[in-house]
Amino acid sequence: MDDFGTWTLDYFPENILIDILSYLSVREIVRSGRVCKRWRRLVKDQRLWRHVDLTAWKGVTSRMLWALLRQYLGCGLRSLRLRGLLLSARGGVFLSEPWLKALSTKCPRLSRLYLLHADLRGLPSCQLLPPTLRVLEFRGCELPSGFFIQSFPTEAAGSGERAQIASSASAPQRGEGQNRKGPTSPPGIAIERLIFNNVPSFTDQHLQSLATWQKLSRLELRDTFRVTAEGLRSCAAKETCNGIEGLSRLKYLEIGITGRQGYQLNMASLGLGVGWLGLQELSLGGKEVGPGLLCASRLKDLQRVCLWACTLSEMQVLRSCRMLRELRMLEFLEVFFKVQRRTPEVEAEGGGEEAREDGGEASADGGGGGDDREKVDANDPMPSLRRSLAAMLPRCTLVFTDCSVQINSD
C-alpha cells in the first residue's frame, strides 16, 4: 500500500495518458504540453488531433492558427471546426490563402470543415480550400459573390495536351501504347455534402454556381432567406436537348426557414414545382413545408420525405402524397397536427327538444371521443393518418418523433 501511494501519472503507459488527454479541449491540451518534456511529446500525438473543435475558443486569430498548424495539426486530422472573427470587435484576417495551402499540404486526410461566423470575402474562390474535403458547412458566414464558381486551367491544360500528343506521335510504334495518355479532366471540387445554416449572403447566384460541381449529392439550405423559387427552378435537374442540366447528381435536398418573424420570405420550395430528376430525399422545415408539399407531387423519383418544425393537417399530407408512388418513408419531426372537431352545441343548435336530446347524447359520445384523442400516443399520434396512408401507399413507412396534436373546435 505504501508503494501504491507513491505512484504518479509517470507510471501510466502512454496509451492510457493519451486516452485521458482526449477528453480535454484544444486549449487545455496545448496547456498540458507545458507540464514536462514527456507530456509535450504526448500532446503532439496525432490521435489527439483527429477531430479539432475551436468554436468554443473565442478570439482565435490567424497567428494562433499558424501556431496550431506548425506544432500540432498533421496527417491525423479528419474534421476541423473553426470560429471566425465576424462578430468580434477585434476583427482582422482569419483565413488566408497561405494558411489554407499549408493546411492542404500538412493535413491530407481532412474531410470535413465547419466554419462559424467567418468572413470569407477576402478569399476569391472556394477552390483554395483543401481538395480532400467531402463535407463543408457554413453557419453565419459572409460569402463573396463568385465564391463557388469552379474554374479550370483550360489554356494551360490545352497546350500541355497538344505537346503531349505531338511527342507521342513522333514516338516509335512499339512505345506508342506506353507513352500515349488520354485527355484527363482537372480534378475539380470533390465536396459531396454542402450545408448552409443562417447564411444571409447566400443567393441564387451562388446556387447556380453549384451546378458545375460533379460530386455534390447533398445540399442543405437552412434559413437562407435570399434563395428564391426562380433560383431553385434554374438549378433543378431537368432534361434538355443537350442532356440533363442543373444539379443532376443531387440526391438529398433540405429547405427550411424557422426564424425571423415578419421577414419577407421568398418561399424557395415553390421552385420544386418544375420537377427534379434523380432527387430521392427531401427535407422541409418551418415555413417552407406548406409550399413544398404543394410541389412534392412533381418529384417522381422521391423515396423519402422529412417534415420538421411545422404545423400540418391530415388533409394536407394526404393530398400531397397521393401521387408519390415511389415513397418509402415519411418522417415527422416536431410537427403539430391540427385536428378539427365540431362542438356539440353547434350540432344541437336549432333542432328542437328532440334535437337537443340527441345533441346531449352526441355530446356525451363526443366528449368521450375527445378524451381518447387527447391521450396522444408518442409513437402514433395520428392513427387516422397512418391508416389512410397505409391504404394509399402500402410500402411507405411512417415515423413520428416528438409530435403533438392540436384539437381545434369549429
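How many of the residues of the protein count as buried? Of its 410 residues, 40% do, where buried means under 20% relative accessible area with a 1.4 Å probe, protein chains only. This is a predicted model, with local features needing pLDDT of at least 70, side-chain atom pairs counting only at pLDDT 80 or more, and totals for chains, interfaces and linings using all residues. Residues are numbered from 1 along each chain as its sequence is written, and side-chain values use heavy atoms, with hydrogens and water left out.

View 1. Take the contacts (heavy atoms within 4.5 Å) between residues at least 6 apart in sequence: 71% of them join residues at least 24 apart.

**View 2. Phe138, Trp276 and Phe332 touch the most other members of the largest nonpolar core, which has 101 residues.** Strand 12 (residues 329-341) gives this core its largest share, five residues. Such a core is a set of buried Ala, Val, Leu, Ile, Met, Phe, Trp, Tyr and Cys residues joined through side-chain atoms within 4.5 Å. Zoom in on phenylalanine 332 and, leaving out residues up to four places away in sequence, you'll find it touching Leu307, Leu312, Val317, Phe337, Leu385, Leu398, Val399, Phe400, Thr401 and Cys403.

**View 3. Helix 12 (residues 314-321) packs on helix 15 (residues 383-392).** Their axes sit 11 Å apart at an angle of about 10°, so helix 12 counts as roughly parallel to helix 15 (the cut-off is under 35 degrees). Helix 12 brings Glu314, Val317, Leu318 and Cys321 to the contact, and helix 15 brings Ser384, Leu385, Ser388, Leu389 and Met392. Sort these residues by type and you get six nonpolar, two polar and one charged.

**View 4. Serine 201 is in the loop between strand 5 (193-197) and helix 9 (204-209).** Serine 201 counts as buried because its relative accessibility is 9%. Setting aside neighbours within four places in sequence, serine 201 is in contact with Cys141, Glu142, Leu143, His206 and Arg226.

**View 5. Alanine 190 is in the loop between helix 8 (176-179) and strand 5.** With a relative accessible area of 11%, alanine 190 is buried too. Apart from neighbours within four places in sequence, alanine 190 has contacts with Pro131, Leu133, Arg134 and Lys215. Tryptophan 213 is 23 residues from alanine 190 in sequence and 7.7 Å from it in space, C-alpha to C-alpha.

Methods:
Buried < 20%, exposed > 50% of the residue type's maximum accessible area, 1.4 Å probe, protein only. Helix = DSSP H or I, 4+ residues; strand = E, 2+ residues; numbered from the N terminus. Axes fitted to C-alpha atoms, helices over the stretch in contact; angles between N-to-C directions. Parallel < 35°, antiparallel > 145°, perpendicular 65-115°, else oblique. Nonpolar A, V, L, I, M, F, W, Y, C, P; charged D, E, K, R; others polar.
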